[in-house]
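Let me put the model up on the screen, and then we can walk through it together.

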Amino acid sequence: GEAVVPVANCDVKEYNSNPKEQLPFKEYVEYWREYIRNGYRSSRGCLYLKDWHLSRSGLIPKTQGLGIAFPELDVYTTPVYFSSDWLNEYWDAVAVDDYRFVYMGPKG
């Protein structure tokens, strides 16, 4: 619940993208529940958790505010249908970054 996650405001465009803010995961879940209770509306807009590096297992030090929640845990397994994970094979070898992201949010 205390992990800090990147959240995009889908109702706002900046340079063909959506601006992001950092929120505690618990706060984002509370927003999402309230958004649903209010008929999929909020004065904060439609917020979407986007590009959260949940699975960066030991690639970089635990850093508050970068969307890295549990680098010491193995929370990601490549689904069998994508077992040829050629993009991450390179990044895992150089131990710099990864392309394993979590995306979640309300409909709309």
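Arg-44 counts as partly exposed, at 34% relative accessibility; for these labels, buried means under 20% relative accessible area, exposed means over 50%, and partly exposed is in between, with a 1.4 Å probe and protein chains only. Before I go on: this is a predicted model, so local features need pLDDT of at least 70 and side-chain atom pairs count only at pLDDT 80 or more, while totals for chains, interfaces and linings use all residues. Residues are numbered from 1 along each chain as its sequence is written, and side-chain values use heavy atoms, with hydrogens and water left out.

So what does Arg-44 pair with in a salt bridge? The partner is Glu-27, with the closest N and O atoms 3.7 Å apart; the rule is a side-chain nitrogen of Lys or Arg within 4 Å of a carboxyl oxygen of Asp or Glu. Arg-44 lies in the loop between helix 1 and strand 3, and Glu-27 in helix 1, so this pair ties together parts that are 17 residues apart in sequence. Helices here are DSSP runs of H or I with at least four residues, strands are runs of E with at least two, and both are numbered from the N terminus. Glu-27 is partly exposed as well, with a relative accessible area of 31%.

The count by this rule comes to three salt bridges. Lys-20 forms one with Asp-51, with 2.7 Å between the closest N and O atoms. That pair links distant parts of the chain: Lys-20 sits in strand 2 (residues 20–24) and Asp-51 in strand 3, 31 residues apart. For accessibility, Lys-20 is partly exposed at 41%, and Lys-50 is partly exposed at 29%.

Which residues have the most contacts inside the largest nonpolar core? They are Val-5, Val-7, Tyr-28, Leu-49 and Trp-52, in a core of 13 residues. By nonpolar core I mean a set of buried Ala, Val, Leu, Ile, Met, Phe, Trp, Tyr and Cys residues joined through side-chain atoms within 4.5 Å. Strand 1 (4–9), helix 1 (25–37) and strand 3 (47–52) each supply at least two residues of this core. In soluble globular proteins, nonpolar side chains tend to be buried together. Take Val-7: not counting residues up to four places away in sequence, Val-7 touches Pro-19, Lys-20, Glu-21, Leu-23, Tyr-28, Leu-47, Tyr-48 and Leu-49, where contact means heavy atoms within 4.5 Å.

Tyr-28 brings us to the rings. Tyr-28 is buried at 0%, and Tyr-31 is buried at 4%. Both lie in helix 1, three residues apart, about one turn of the helix. There are five aromatic pairs, taking rings of Phe, Tyr and Trp (its six-membered ring) with centres within 6.5 Å, and calling planes under 30 degrees apart stacked, over 60 edge-to-face and the rest tilted. Tyr-28 and Tyr-31 form a tilted pair, 5.8 Å centre to centre with 35° between the planes. Ring pairs link Tyr-28, Tyr-31, Trp-32, Tyr-35 and Tyr-40 into a cluster.

That's my tour, and I'm happy to take questions!
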